[in-house]
Amino acid sequence: MNRILSQDEIDALVNPSTNSSRDDDPRPSNSADGVIAYNFRRPDRVSKEQLRSLHFLHDRFARNLSTSLSAFLRAMTNVSMLSVEQFTYSEFLMSLPDPTAFYSVAMPPLDGLGALEINPTVAYAMVDRMLGGTGDSTAPNRALTEIEQNVMDSVVKLILEHLTETWRAITEVRFRIQGRETRPAMLQVTGPNEGIILLAFDIAVGDGRGMLSISIPAAAIETMEEKVAEGWNRTRRQPSASEAARLQANLGRVPLPVKTLLETRMSAREVLALQAGDVVALPHSASSPVEIHVGGVRRFNGRLGCDDYGKSAVTIQQAIGEVAAAGAL
């Protein structure tokens, strides 16, 4: 049966903008049936807890790498952790200089490839140091030559060895060089819209300073779930029984004055006349905390001892016991 549309129905079909405002309204993230809206344009696939754990984990990696690079390059080298953020791979590529020292990194047994980039300012300083120079010359405005890339390979291998050692707290993964290029866009690592975790480091070699960037596929982080969040705790080695006993014995020999400041309405003569066992009434509530100073620095809050009637009165010996007990915490 044929049906003739009314003018209002025709207008609704021709001008769908009348209903666009309803469709463009932001939808709640959690609907009644438990469906969560997900925006595929945003790479927020890793939780903040996992990002925090990765930051702590690679902060230790940066400290160890600083020591190794200083010995390897025979120059003072400082590596510090800057940030751990989520991006798409295309955003990462747009942030890189061209040309630069760019490497694709295999991560067996994990799927996918990572990427590593060393800023040209730092890369040329490293090459200059390894070829006998001072590393203080200005970086030339050109791409690395084949010989310079071969020299940089040894530095990158050292970085990946430390990265492998750091990731043993999470899983057994071996980072190794898959490919290298001076133009990042010419090296195929992953899709432009794939999510990555970008580890950014500040690296200084002598007077040269630049960025060290390492990208890890977000999909690889997702497969490990809780292992990443717990990785930092695994790196914190607990002291053995003998180490704990030796540490306690050494610290026990260090004298530190522990005292608390209490107000009193007594005169100086009355204070000097106090004997052990005397009871002193203080204008201080028994439930109010008192400040405890260790070595002249406020460290703890203590409490006063009370008698059976709840009065704010303590003996001198009892007050000393309360302060000592609070100072031992």
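Start with the largest nonpolar core, which has 51 residues. A nonpolar core here is a set of buried Ala, Val, Leu, Ile, Met, Phe, Trp, Tyr and Cys residues joined through side-chain atoms within 4.5 Å, and buried means under 20% relative accessible area with a 1.4 Å probe, protein chains only. Select Leu 116, Ile 118, Met 126, Met 152, Trp 167, Phe 175 and Phe 201, the residues with the most contacts inside this core. Its largest share, nine residues, comes from H6.

A quick note before you click on: this is a predicted model, where local features need pLDDT of at least 70 and side-chain atom pairs count only at pLDDT 80 or more, while totals for chains, interfaces and linings use all residues. Residues are numbered from 1 along each chain as its sequence is written, and side-chain values use heavy atoms, leaving out hydrogens and water.

Now pick Met 126. Setting aside neighbours within four places in sequence, Met 126 is in contact (heavy atoms within 4.5 Å) with Leu 69, Leu 73, Met 152, Val 155, Ile 203 and Val 205.

Next, show helices H5 (residues 120-130) and H6 (residues 146-167); helices are DSSP runs of H or I, at least four residues, numbered from the N terminus. Their axes, lines fitted to C-alpha atoms over the stretch in contact, come within 10 Å and cross at roughly 95°. H5 and H6 are therefore roughly perpendicular, a label for angles of 65 to 115 degrees.

Last stop: His 162, in H6. At 17% relative accessibility, His 162 counts as buried.

Key: Helices (H or I, at least four residues) and strands (E, at least two) are DSSP runs, numbered from the N terminus. Buried means under 20% relative accessible area, exposed over 50%, partly exposed in between (1.4 Å probe, protein chains only). Axes are lines fitted to C-alpha atoms, for helices over the stretch in contact, and angles run from 0 to 180 degrees between N-to-C directions. Angles under 35 degrees count as roughly parallel, over 145 as roughly antiparallel, 65 to 115 as roughly perpendicular and the rest as oblique.
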